[in-house]
Amino acid sequence: MSKDIQKSSYQCDISDKPFCENDNLKEQKQNPSGGKRYHCDICGKSYLINTTLKRHKRIHTRENPYHCDICGDSFSESSKLTRHVRIHTGERPYHCDICSQSFSENGHLTRHRRIHTGEKPYDCDICGQSFSESANLTRHKLIHTGQKPFHCDICGKSFSVSSALTTHKRIHTGEKPYHCDNCDKSFSQAYHLTIHRRIHTGERPFQCDICGNAFSDSSNLTRHKRTHTGEKPFDFDICGKSFSQMGHLTIHKHIY
């Protein structure tokens, strides 16, 4: 069994069969003998439970019957709506028992714990590089293929993942669906709202292991560490000068 499947499988306590998805495990428990199956008439995929087939068919029909009454976003499953609403409410019911960080989804907590354990269960079969998240491996593989299948119908820009296209389109529409409940600011990305909220809470979860300074954003910590290492990764190809921050290179280009 591959490392990926081992890490994500669910075990049935009735038949001892392993499953990659919790829905498949629920099906097995309700029908351990594997009786009648319900088949999708579009792609042929089959399921033990009719309700699972109905959820699956929404992939083909693009039906999203569950609506967020705060921002209007729609979802194919009620559980996805529940997770989405936490972006607006700020609820984080899943807590790390190693540090003080909390998360809105259990999967986010699982991925976060790998920061502490150093676990990287997802391996690239082309170059051997390992990743702590399967999504990072998927994005990494596009470096090898160069594939960018998601295209913006407004400006023609292409992206390797659909979520990047969705975020990009908000540049054109001006949409900012993520609202701060402490002030009147809104954001186009959930991550930007998360960082902004730390202004109100004072939270600084990213700490420098050299001097102890703490930061609200991991990118600020990355830039700060260059003051210790002297790293200057941004080069000007005309005069050869290097800079520790992209912004400094941009300013230099205007002067030059």
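Predicted model: local features only at pLDDT ≥ 70, side-chain atom pairs only at ≥ 80, totals over all residues.
Residues are numbered from 1 along each chain as its sequence is written. Local features need pLDDT of at least 70, side-chain atom pairs count only at pLDDT 80 or more, totals for chains, interfaces and linings use all residues, and side-chain values use heavy atoms, with hydrogens and water left out.

Histidine 196 sits in helix H8, residues 190-201. Helices (H or I, at least four residues) and strands (E, at least two) are DSSP runs, numbered from the N terminus. Buried means under 20% relative accessible area, exposed over 50%, and partly exposed in between (1.4 Å probe, protein chains only). Neighbours within four places in sequence aside, histidine 196 is in contact with Cys180, Cys183, Lys185 and Phe187. Contact means heavy atoms within 4.5 Å.

H8 also contributes to the second largest pocket, giving the most to its lining with four residues. A pocket is an open set of points on a 1 Å grid over the protein atoms alone, where a 1.4 Å probe fits, with protein on both sides within 12 Å along at least five of seven lines; lining residues have an atom within 4 Å of a point. The space in this pocket is about 180 Å³. That volume is the space filled by probe spheres set on the points, which are joined across faces, edges and corners. The lining includes Thr194, Arg197, Arg198 and Thr201. Gly90, Arg92 and Glu203 are also among the lining residues. By class, the lining has six polar, four charged and no nonpolar residues. Ala, Val, Leu, Ile, Met, Phe, Trp, Tyr, Cys and Pro count as nonpolar, Asp, Glu, Lys and Arg as charged, and the others, Gly among them, as polar.

The structure holds 15 salt bridges. Each is a side-chain nitrogen of Lys or Arg within 4 Å of a carboxyl oxygen of Asp or Glu. One joins aspartate 41 and lysine 57 at 3.4 Å, N to O. Aspartate 41 lies in the loop between strands E3 (38-39) and E4 (46-47) and lysine 57 in helix H3 (residues 50-61), so the pair ties together parts 16 residues apart in sequence. Aspartate 41 is exposed at 62%; lysine 57 is partly exposed at 27%.

Glutamate 105 pairs with arginine 83 in another salt bridge, the closest N and O atoms being 3.5 Å apart. This pair links distant parts of the chain, 22 residues apart. Arginine 86 forms a salt bridge with glutamate 91 at 3.6 Å between the closest N and O atoms. Arginine 86 is buried at 14%, whereas glutamate 91 is partly exposed at 42%.
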